Amino acid sequence: MNILRTHSTAEYTQNGIQIIEKALAASTDTICHLALAGGSSPLPIYESLPQASINWPNVHLWWSDERMVPHDQSDSNFHQFNHFLQSIPTPSTNIHAVQTSLSPSSAATAYTSEIQSHLGPLPQFDLILLGIGPDGHTASLFPDTPEGQNTVDEYIIPVLNSPKPPPQRITFTFKLINQAKNILVTVKDQPRVATVEAWLNGQPSNRPFTHLSANNGNLYWLISD
Ligand code: 6PG
C-alpha cells in the first residue's frame, strides 16, 4: 500500500498525474485500460490530464461506476468527464460509456461483456481511479449492503437504491477492482480525509473503502487535506 499525503491542490494533482502516467506507461500491452471515477475528488487531476505525458490513442477509457441517467445530464459521470475529453486525443472507439438507456441489470451485464471482450475473462485494468464518499463508500459500493461488504461474486452489479442520488447505478465490485494492476484512491477534503486517516492509523472500520486491497498490484491512497 502506498500512502501519499499532500498539502496543496497542486501537490495532490501532480502526484495523481505521475501515478497515472506511470501506471499507463507500465502496461505491457500497446493498449491499456483506465477506469475513471465520478465525484469531486478526481476533478483537479482530470483538469491536468491534457498536459500529462500519456499516449492517448492507446488508452481505453471506462467508468468504475455510473449513474443511470442520460449522458447529457450533469449528474452523469460520463458527462462530467466528457468536458475533459474535448482536450485529449482519445479516439471515440476507445471510449466505453455505460449504456444508461438500458435497465441497471441489463447495463451491468452488457458492460461486463464489453469489458471481458477487451480485457479477457479475468479482467485486470491497468488503472482504476476511485473516490470516497463522506459515508465511506467507494464507486457505488455503499455501507450496509452485501456489495459494500465485499460479499458478491460478480464483476459489475446494478444498484437500485443508492443512498446518494441518483438511486439507480451500476458499479464495479471489489472483486473486479482488487484484481487491477493499479488502483488510485483519491481522497480530498473533509470529512473523507479524517475517515480514511483514522483507519490508516489503525482505527477499526467496516466502511466499504476498507475492502480495497490490490491482490497483485499497487494500491495508492492519494490524500489531500
Ligand atoms: C459516484 C462516484 C462515487 C464518488 C464518491 C465521492 O458516481 O457517485 O463515483 O464513488 O467518487 O461518492 O464523491 P464526492 O467527491 O462528490 O463526494
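This section describes the overall fold and the charge pairing of a predicted protein model.

The protein chain comprises six helices and nine strands. Its C-alpha trace extends over about 45 × 40 × 35 Å along the principal axes. The radius of gyration is 16 Å, in agreement with the value near 17 Å that a compact globule of 225 residues would have. Of the 225 residues, 54% are buried. Among contacts between residues at least 6 apart in sequence, 76% join residues at least 24 apart.

Five salt bridges were counted. One of them joins the side chains of Arg5 and Glu197, with an N to O distance of 2.7 Å. Arg5 belongs to strand S1 and Glu197 to helix H6, 192 residues apart. Arg5 is partly exposed, at a relative accessible area of 40%, whereas Glu197 is buried, at 15%.

A salt bridge is also formed by Lys181 and Asp126, whose closest N and O atoms lie 3.4 Å apart. Lys181 is partly exposed at 27% relative accessibility, while Asp126 is buried at 3%.

Lys175 pairs with Asp153 in a further salt bridge, at 3.1 Å between the closest N and O atoms. This pair connects helix H5 to the loop between S5 and strand S6, 22 residues apart. Lys175 is partly exposed, with a relative accessible area of 28%, and Asp153 is exposed, with 58%.

Conventions:
Residues are numbered from 1 along each chain as its sequence is written. This is a predicted model: local features need pLDDT of at least 70, side-chain atom pairs count only at pLDDT 80 or more; totals for chains, interfaces and linings use all residues. Side-chain values use heavy atoms; hydrogens and water are left out. Helices (H or I, at least four residues) and strands (E, at least two) are DSSP runs, numbered from the N terminus. The radius of gyration is taken over C-alpha atoms; the globule rule is 2.2 Å times the number of residues to the power 0.38. Buried means under 20% relative accessible area, exposed over 50%, partly exposed in between (1.4 Å probe, protein chains only). Contact means heavy atoms within 4.5 Å. A salt bridge is a side-chain nitrogen of Lys or Arg within 4 Å of a carboxyl oxygen of Asp or Glu.
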